[in-house]
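Welcome! Let us take a first walk through this model together.

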Amino acid sequence: MAVDVLLGLQWGDEGKGKIVDVLSAGYDLIARFQGGPNAGHTLEFDGKKFVLNTIPSGIFFENTMNLIGNGVVIDPITLKKELDKLKDAGHDLLAKGNLMIAKKAHLILPTHQLLDAASEKKMGEGKIGSTLKGIGPTYMDKTGRNGLRIGDITLPDFKERYQKLVDKHVSMLQSLYGEVADFSEREKAFFEAIELINKFKLVDSEHLVNDYLKQGKRILAEGAQGTMLDIDFGSYPFVTSSNTTTAGACTGLGIAPNKIGEVIGIFKAYCTRVGGGPFPTELNNETGEELRRIGHEFGATTGRPRRTGWIDLPALKYAIMLNGVTQMVMTKADVLSGFDKIYACTHYSYLGEKIDYMPYDICSVDAEPVLKEIDGWKEDLTGITEISQIPARLSAYITFLENELGVPVKYLSVGPDRVQTLVLN
Ligand code: GDP
Ligand code: IMO
Ligand code: MG
């Protein structure tokens, strides 16, 4: 048995939550492997809508277990809010026993969020556009070997460990930024949330996942963010602080590379990005506005308007190479219905040359998109349920992408609901 991985091939918000939910019934375990509450994964079914930040998207299926892996950073306050909301909606995960949390996952402290906000404020115009959830400072403490982990909450001296780290953060805030906002309310909420988290099953995710594999159980690793936000390979420094690529599933769960099975890469029929940084195919015009309006392109976590643009093939090829993608999912094809012409960026014009890769200095030198014009389709897709109902021009678009990218599109998503999904191959 092997672990399948589902991850985003663009700059996030490709529809990972929806597709993981669709696929969940076929898996025994859904495991988040990196990121934290910077993620917002939206699921819709039976007229209900849920946005998950830290919790894996497999929680709505009776026989599927869920794991928050060691590579994830957890804000107890957000996690408690998520759990409380789900409970109110009739999904009490503690009672159901379908959520496990890795002891080695790191904790986001209230002061990590203050550091995130202060750092962004100091950067001014050049800021990353962080979600301000404390992601960067928490991963910095992890790699700096100062961090607190979920397993630490069971130790008798947890409060002292917490205080030691907070004291360090407070002195950093004072010396670097000259101010420390009041966080007493958040601190109270933090410890209340810790009490709830302590009631969940805290596990060694590396042993759990490998035991599942030995027992022949099926596992899907759920990515957050997208490949172009990867800390090593994304548009640095306009990235998040974790490895969003397949390699991140190995370190974020404790699985060996030779245990990776299918790698399911997900992309929108166009492209979006939220926050700062390069976006070669961005449309700063009415068409971009239209994509935002029709596609409801506003952040699931922060509500910020997402930047919109045409599909970017050099970026997708790069993402497919880095991840070893074996099959793809195309989402939001319905959003393009009614556009007379759509466009795909096949190359960049970069320093007078035509290139088909993402250059190192993409953040400082313009890469102008070279666009191919494609005939659009008029038909509304949101009610289609059969392959035979796919408009010819959409089929041609999919075939074009498959030929360019060399990987089959296995699923086509034509609306936010679970049922608005077609299996193509
Ligand atoms: P994620 O972060 O990758 O899970 O994606 P988000 O949930 O942040 O953003 C995707 C948005 O598109 C959500 O509002 C989904 O409900 C919605 N969505 C997903 N697939 C489709 C689709 O095929 N068509 C449309 N119109 N919306 C979709
Ligand atoms: P999902 O899982 C889109 C972006 C932020 C910012 C940069 C760094 O829903 O696809 P951070 O808070 O990580 O320090 O922000 O990364 N970002 C996302 N953009 N979708 C996400 O997650 C994102 N998570 C972080 O906007 O530009
Ligand atoms: Mg999202």
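This is a predicted model: local features need pLDDT of at least 70, side-chain atom pairs count only at pLDDT 80 or more; totals for chains, interfaces and linings use all residues.

Residues are numbered from 1 along each chain as its sequence is written, chains are lettered from A and ligands numbered from 1 in the order in which they are written, and side-chain values use heavy atoms, with hydrogens and water left out.

**The chain as a whole**

The chain has twelve helices and 20 strands; helices (H or I, at least four residues) and strands (E, at least two) are DSSP runs, numbered from the N terminus. Its radius of gyration is 21 Å, close to the 22 Å that the globule rule gives for 425 residues, so the chain is as compact as a globular protein of that length. That radius is taken over C-alpha atoms, and the globule rule is 2.2 Å times the number of residues to the power 0.38. Along the principal axes, the C-alpha trace spans about 65 × 50 × 40 Å.

**Ligand 1**

Around ligand 1 there are 20 residues, of which Lys16, Gly40, Thr42, Asp334 and Ser413 are the closest; a residue counts as near if one of its heavy atoms lies within 4 Å. This shell divides into four nonpolar, eight polar and eight charged residues. Here Ala, Val, Leu, Ile, Met, Phe, Trp, Tyr, Cys and Pro count as nonpolar, Asp, Glu, Lys and Arg as charged, and the others, Gly among them, as polar. Helix 1 (16-24) and strand 3 (41-45) each supply at least two residues of the shell.

**Ligand 2**

Ligand 2 has 21 residues around it, and Asp13, Lys16, His41, Thr131 and Thr240 come nearest. Its shell holds eight nonpolar, ten polar and three charged residues.

**Polar contacts of both ligands**

The table lists polar contacts, meaning pairs of N or O atoms within 3.5 Å.

| Ligand and its atom | Residue and its atom | Distance |
|---|---|---|
| Ligand 1, oxygen | Arginine 306, side-chain N or O | 3.2 Å |
| Ligand 1, nitrogen | Aspartate 334, polar side-chain atom | 2.7 Å |
| Ligand 1, oxygen | Glycine 415, backbone N or O | 3.1 Å |
| Ligand 2, oxygen | Glycine 40, backbone N or O | 2.9 Å |
| Ligand 2, oxygen | Threonine 131, polar side-chain atom | 2.5 Å |
| Ligand 2, oxygen | Valine 274, polar backbone atom | 3.0 Å |

How much of each ligand does the protein cover? Of the 560 Å² of accessible area that ligand 2 has on its own, the protein covers 97%. Ligand 1 exposes 580 Å² when taken alone, and the protein buries 93% of that. These areas come from the Shrake-Rupley method with a 1.4 Å probe.

**Two backbone details**

Tyrosine 236 and proline 237 are joined by a cis peptide bond, with omega about 5°. Proline 237 belongs to the loop between strand 10 (219-222) and helix 9 (246-253). Lysine 332, a residue other than glycine, has a positive phi near 60°, and its place is the loop between strand 15 (327-331) and strand 16 (341-350).

Technical notes: A polar contact is a pair of N or O atoms within 3.5 Å; within protein, one must be able to donate a hydrogen and the other to accept it, and residues adjacent in sequence count only if both atoms are side-chain atoms.
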